[in-house]
Amino acid sequence: MSGLLVRRATPTDFPAVARLTVAAYEADGQLKGEHGYAATLADVATRAEHGEVLVAVDEATGETLGSVTFVLPGTRYAELSAPGEAEFRMLAVDPAAQGRGVGLALVDTCVARATELSCSAVVICVRSGFATAAHRLYQRRGFVRTPQLDWSPVPGVELLGLRLDLTPAD
């Protein structure tokens, strides 16, 4: 998408990130019957303390179109990453901006950041039965289903592990 800037979020971005993240998860049906996850998604300040919250911004309008949280193993929001790996969480694109390449730009930025940090892989989890567009994006980007990373944070929520091996730069 031309005119898209991905950068680290600042506190002035946090309200827009909270709104669009909750809206994206609600639009996909991922918050039905869950207790407390919307509050976790909306707590951007805490995410920013424990990881890198990135935003995708429309350069022409300044509108925040998407966000993701990039984390390293051993940090508060890391769920799957082992030493030497990176992961990203809570990738969300404003429902009104979906289909415009925002998600890909955020994923590519996370992969570039992991490469910059000499990580051997990027691991993520996606909810089974939801976010089908995200599943396709990750598959096209080279993420491979890794069943040994599957897990369930609460009954009825099955998360599927995906991994992208990174090749060292020549």
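Q: How many salt bridges does the rule count here?
A: The count comes to 10 salt bridges, a salt bridge being a side-chain nitrogen of Lys or Arg within 4 Å of a carboxyl oxygen of Asp or Glu. The model is predicted, with pLDDT of at least 70 needed for local features and 80 or more for side-chain atom pairs, while totals for chains, interfaces and linings use all residues. Residues are numbered from 1 along each chain as its sequence is written, and side-chain values use heavy atoms, leaving out hydrogens and water.

Q: What makes Arg113 and Glu52 a salt bridge?
A: Their side chains come to 3.0 Å, N to O. The cut-off is 4 Å, so the pair qualifies.

Q: Why is Glu52 called buried?
A: Buried means under 20% relative accessible area, exposed over 50%, and partly exposed in between, with a 1.4 Å probe and protein chains only. Glu52 has 12%, so it counts as buried. Arg113 has 23% and is therefore partly exposed.

Q: How do you know that Glu116 and Arg113 form a salt bridge?
A: The N to O distance between their side chains is 2.6 Å, which is within the limit and therefore meets the rule. Both residues lie in helix α4, three residues apart, about one turn of the helix. Glu116 is exposed, because its relative accessible area is 58%. Shared partners join Glu52, Arg113 and Glu116 into one network of salt bridges.

Q: Why is a set of residues called a nonpolar core?
A: The name applies to buried Ala, Val, Leu, Ile, Met, Phe, Trp, Tyr and Cys residues joined through side-chain atoms within 4.5 Å. The largest such core has 30 residues, and Phe88, Val107, Tyr138 and Phe143 have the most contacts inside it. Elements supplying at least two residues each include β2 (52–58), β4 (85–93) and α5 (132–141). Helix α4 gives the most, with seven residues. Apart from this core lies another, of 10 residues, among them Val22, Ala24, Tyr25 and Leu41.

Q: Which residues does Phe88 touch?
A: Contact means heavy atoms within 4.5 Å. Not counting residues up to four places away in sequence, the partners of Phe88 include Val68, Phe70, Val107, Cys110, Ile124, Tyr138 and Phe143.

Q: Why does Ser81 count as buried?
A: Its relative accessibility is 14%, so Ser81 falls in the buried class. Ser81 is in the loop between β3 and β4. Leaving aside residues up to four places away in sequence, Ser81 touches Leu72, Pro73, Ala86, Glu87 and Val123.

Q: Why is Leu5 called partly exposed?
A: Leu5 has a relative accessible area of 37%, which puts it in the in-between class. Leu5 is part of strand β1 (residues 4–8). Not counting residues up to four places away in sequence, Leu5 touches Val55, Ala56, Val57 and Glu59.

Definitions and conventions
Helix = DSSP H or I, 4+ residues; strand = E, 2+ residues; numbered from the N terminus.
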